[in-house]
Amino acid sequence: MLTETIDSTVNKMLVPAQLTPSSSKNIDEQQKKDDLRYPRMTKEFIKKHCKEHKLYQTPYLNDVLYLHFKGFGRIENLEEYVGLKCLWLESNGIQRIENLDRQLELRCLYLHQNLISKIENLDHLQYLDTINLSNNYISKIENLSALPRLNSLYLSHNKLETVEDIEHLKECKSLSVVELSHNLIEDPDAVEVFSQMQSIRVINLMGNPLLKNVKDYRRTMTLGCVNLTYLDDRPIFPRDRACANAWARGGREAEREERQLWETPERKRSTKPVNDLLFIRRNYLGDRGENQNDIEQTENELTGENEIDNEENEIDNEQNEIDNEENEIDNEENENNEQEQINNEDEPPPLEDIDESDIEKENETIEVVTDAAPIENSKQDDTDIPFIRPPLENVVSRSSFDTIFGGSHKANSDTGEKSVRLKIVDMDDIDEGPTQTDNFKEPSNETAKQPKTTTTRILIEEL
């Protein structure tokens, strides 16, 4: 008994609810309240509006109506305006596209900044060229392929997200301008949809995640859409397309070379009017007798060649600095290599490899070279004159030695003048400081026997 009661109760709960007459009346009342909430697009209001804007009072003579910023909730009462070609319904509260069956000549329809969620009821508008549905709640593009002359579609700030939402664009054969900025499109496959559009010329996808998800977005779109002339916020020039094609063939190096080929003719083309004007100015100033140098200087200031030259000089200086750094590095490496070779040469060879005959020859050479001339004792009447010792390589024979060191002494003895004695000064003594002739002392015999180690003597010993 208890189970039967439960089953009957459950069955009653599963019976679908049926609309009662009272519920339908509530819906009608709610619709009437909505109609009363928004201003109505009545015939009287439209005629009064036409009078205020100096339009025709005869409805079918008007080809444009400005019904924007009025707060209308519905499109209605436009049956008499059959000659409309442009209809402005911007910034209202319109929720559906409807009641445009008699406007067969309509070219431009502006419905942006409304509450529309679906594109519909446009199949009969065969001459429609531009439709603006920006700032609405449209989540899918549809019902536009039946418009053979549709050229421009504006759908920015809507709810488009996936490729399926915009796939209908491929069926719009005449569409050339598509504005889809600030939507939610993020799938990279959307590029294929645009590449399959036959007449596309202008695309704006700014504000979509798609731009970050597609690598080399601008080049990819330029290559995919062959007829594209304007992408996002700037145009696509023939140079940009040529560079994109070069990038597809050979990467960034090929793109850089192609860009340089385009820059030279464009620069000549842009500077030609300026050069013509400067030519006229030069002739005028020349007839007035102006200095040629002043004319050229002012021309350089006008054309900015000085700035260009300065920039080129800066670039050259930077390049020279880099080259100098590289040369310094190479020089350091060479010096290190030379130092290593010198260190290797300074290492004494093993005793086994040295012959006694070589040692005897070296000793004889050192004795011959270091055999100093006898030092004469100074006299009271002699005057010491500093004389820098010449290199020993110039002393070939005894006669040359006398010529260098003793010529002045013999001349003074022949003439009977006061004898002059040359004071021989080594280069090391000069480096240490100036030598005073008054403080000069004759070396003793013991010190004379011990040869002084000088730069010249070191070189001789090394040889």
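Let's start at Glu338, which sits in helix 10, residues 305-346. A word on naming: helices (H or I, at least four residues) and strands (E, at least two) are DSSP runs, numbered from the N terminus. Glu338 is partly exposed, because its relative accessibility is 47%. The cut-offs are these: buried means under 20% relative accessible area, exposed means over 50%, and partly exposed lies in between, with a 1.4 Å probe and protein chains only.

Before going on, some ground rules. This is a predicted model, in which local features need pLDDT of at least 70 and side-chain atom pairs count only at pLDDT 80 or more, while totals for chains, interfaces and linings use all residues. Residues are numbered from 1 along each chain as its sequence is written, and side-chain values use heavy atoms, with hydrogens and water left out.

Back to the surface. Glu338 belongs to a patch of negative charge there. How is a patch defined? It takes residues with over 30% relative accessible area and no salt bridge; like charges are joined within 9 Å, and nonpolar side chains (Val, Leu, Ile, Met, Phe, Trp, Tyr) within 5 Å. Lys and Arg count as positive, Asp and Glu as negative; His and the chain ends are not counted. Each charge is placed at NZ of Lys, CZ of Arg, CG of Asp or CD of Glu.

There is a nonpolar surface patch too. Tyr56, Tyr60, Leu61 and Val82 make it, with an area of about 410 Å². Accessible areas come from the Shrake-Rupley method with a 1.4 Å probe; for residues, only the protein chains shown count as cover. Val82 is in the loop between strand 1 (64-66) and strand 2 (86-88). Its relative accessible area is 31%, so Val82 is partly exposed.

Now the inside. Which residues have the most contacts inside the largest nonpolar core? They are Leu78, Leu87, Leu169, Leu180 and Phe194. That core has 57 residues. By core I mean a set of buried Ala, Val, Leu, Ile, Met, Phe, Trp, Tyr and Cys residues joined through side-chain atoms within 4.5 Å. Two or more residues come from each of helix 3 (43-52), helix 4 (163-166), helix 5 (190-195) and helix 7 (217-224). Helix 5 gives the largest share, four residues.

Next, salt bridges. The whole structure has 13 of them. The test is a side-chain nitrogen of Lys or Arg within 4 Å of a carboxyl oxygen of Asp or Glu.

Take Glu80 and Lys43. Their closest N and O atoms are 3.8 Å apart. Why does this pair tie separate parts together? Glu80 lies in the loop between strand 1 and strand 2 and Lys43 in helix 3, so the bridge joins parts that are 37 residues apart in sequence. Glu80 is partly exposed, at 37% relative accessibility. Lys43 is also partly exposed, at 40%.

Arg96 has two partners here. One is Glu98, at 3.9 Å from N to O. The other is Glu120, with the closest N and O atoms 3.2 Å apart. The Glu120 pair links distant parts of the chain, 24 residues apart: Glu120 is in the loop between strand 3 (108-110) and strand 4 (130-132), and Arg96 in the loop between strand 2 and strand 3. Is Glu120 buried or exposed? Glu120 is buried, because its relative accessible area is 15%. There is also a network: salt bridges that share partners join Asp216, Arg219, Arg252, Glu255 and Arg259. Arg96 itself is partly exposed, at 41%.

Two backbone points. Lys54 has a positive phi, near 60 degrees, and is not a glycine. Lys54 sits in the loop between helix 3 and strand 1, and is exposed at 78% relative accessibility. Phe69 also has a positive phi, about 60 degrees, without being a glycine. Phe69 is in the loop between strand 1 and strand 2, and is exposed at 54%.

Last, two C-alpha pairs. Asn204 and Val178 are 26 residues apart along the chain, with their C-alpha atoms separated by 6.6 Å. Asn204 is in strand 7, residues 202-204, and is buried at 14% relative accessibility. Leu115 and Asn136 are 21 residues apart, and 5.4 Å separates their C-alpha atoms. Leu115 is in the loop between strand 3 and strand 4, and is partly exposed at 34%.
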